[in-house]
Amino acid sequence: MTTRILLVEDDPLIVDALTELLTSSGYSVDTADTQARAIELATGAGSAGTYQLVLLDVTLREGNGFAVCAAVKETSPDTPVIFLTASDDEFNTVTGLTMGADDYVAKPFRPRELLARIAATIRRSQPSRRIVSLGDIRIDTDRAYVERKGVELTLSALEYRLLLLFATNPGKLVSRDMIRDALWDSAGTYIEENTLSVYIKRLRDKIEDDPSRPELIQTVRGLGYKAKG
């Protein structure tokens, strides 16, 4: 997904230069040169959370950056805001940070420094997630969310635990005792051999292209199973 930035600046030369800099770095950029237009773009119907960052000049010919920052933070508190300020403007810098701005960059700024500050601010604003993969299956362990080729897979609690066990042990032998230990808390009782085989079959039915010829979870006769490495 392309990272979208809202640039709020009323100096056409700075707008052109920053737009070129940001787009050449892979960002998608929308611009606004007034307080009203910036608030409309950032908080209009369906817009909350649309932007991954707002790059905002404090002083605007029509309105000011503080009002824009307040509106953004009220509508979408997690959207980071970076203020552009004059190098000796301590009052505006402190005011902006007090209002909830995430960082500030003094003018004139060095392009590489600005890009680094933008990347760091966006990175800090995004919750870290642990993604585990098994073939073309992706498991978001923070949300217990599983998808395959972009489509969500609906798994039972036992099937999820079983899949996670295999995904976190790629290429390794997963013994039947290891599987029992992983499923014990969910099942609450000892899992018999036949029941274990049923669980494996049900999971294969949901994740394999051809469950009769499994590729993601292969049987190691007499020992257990091995997940695709």
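This report describes the fold, the nonpolar cores and selected elements of a predicted model.

## Overall make-up

The protein chain contains eight helices and 12 strands. Of its 229 residues, 41% count as buried. Among contacts between residues at least 6 apart in sequence, 56% join residues at least 24 apart.

## The largest nonpolar core

The largest nonpolar core holds 26 residues, and Leu163, Phe166 and Ile179 touch the most other members. Two or more residues come from each of these elements: strands β6 (131-134), β7 (137-140) and β12 (224-227), and helices α6 (157-167), α7 (176-187) and α8 (193-207). The element that gives the most is α6, with seven residues.

Leaving aside residues up to four places away in sequence, Phe166 touches Leu134, Val174, Ile179, Ile200, Leu203, Ile217, Tyr225 and Ala227.

## Helix α8

Helix α8 has 15 residues. From its first C-alpha to its last it reaches 21 Å, close to the 21 Å expected at 1.5 Å a residue. Its buried residues are Leu196, Tyr199, Ile200, Leu203, Arg204 and Ile207. Viewed down the axis of α8, these buried residues fall within an arc of 135°, so they line one face of the helix. Asn194 and Lys201, on the other side of α8, are exposed.

Two of the buried residues of α8, Ile200 and Leu203, are also among the residues that Phe166 touches. The helix lies across strands β11 and β12, and runs at about 145° to β11.

## The three-stranded sheet

Strands β10, β12 and β11 form an open sheet in the order β10-β12-β11, with antiparallel pairing. The edges are taken by β10 (173-175) and β11 (217-220); each has a single partner strand, so one side of each is left without a neighbour in the sheet. On average, neighbouring strands of this sheet are turned by 35° against each other, direction ignored.

The antiparallel pairing of β10 with β12 runs over three bridges. Leu173 stands opposite Lys226 in β12.

## Ile5 in strand β1

Ile5 belongs to strand β1, which covers residues 4-8. Ile5 has a relative accessible area of 0% and is buried. Not counting residues up to four places away in sequence, Ile5 touches Leu22, Tyr27, Ser28, Val29, Asp30, Tyr51, Leu53, Leu55 and Ile118. One of these, Leu22, is 17 residues from Ile5 in sequence, and the two are 8.6 Å apart in space, C-alpha to C-alpha.

## Helix α5

Helix α5 spans residues 111-125, which makes 15 residues. The distance from its first C-alpha to its last is 21 Å, close to the 21 Å expected at 1.5 Å a residue. Leu114, Leu115, Ile118, Ala120, Thr121 and Ile122 are buried in α5.

These buried residues pack against the helix α1 (12-24) and the strands β1, β3 (53-57), β4 (81-86) and β5 (103-107).

Key: Residues are numbered from 1 along each chain as its sequence is written. This is a predicted model: local features need pLDDT of at least 70, side-chain atom pairs count only at pLDDT 80 or more; totals for chains, interfaces and linings use all residues. Side-chain values use heavy atoms; hydrogens and water are left out. A nonpolar core is a set of buried Ala, Val, Leu, Ile, Met, Phe, Trp, Tyr and Cys residues joined through side-chain atoms within 4.5 Å. Buried means under 20% relative accessible area, exposed over 50%, partly exposed in between (1.4 Å probe, protein chains only). Helices (H or I, at least four residues) and strands (E, at least two) are DSSP runs, numbered from the N terminus. Contact means heavy atoms within 4.5 Å. The expected span of a helix is 1.5 Å times one less than its number of residues. The arc is that of the directions from the helix axis to the C-beta atoms. Two strands pair if DSSP finds at least two bridges between them. Axes are lines fitted to C-alpha atoms, for helices over the stretch in contact, and angles run from 0 to 180 degrees between N-to-C directions.
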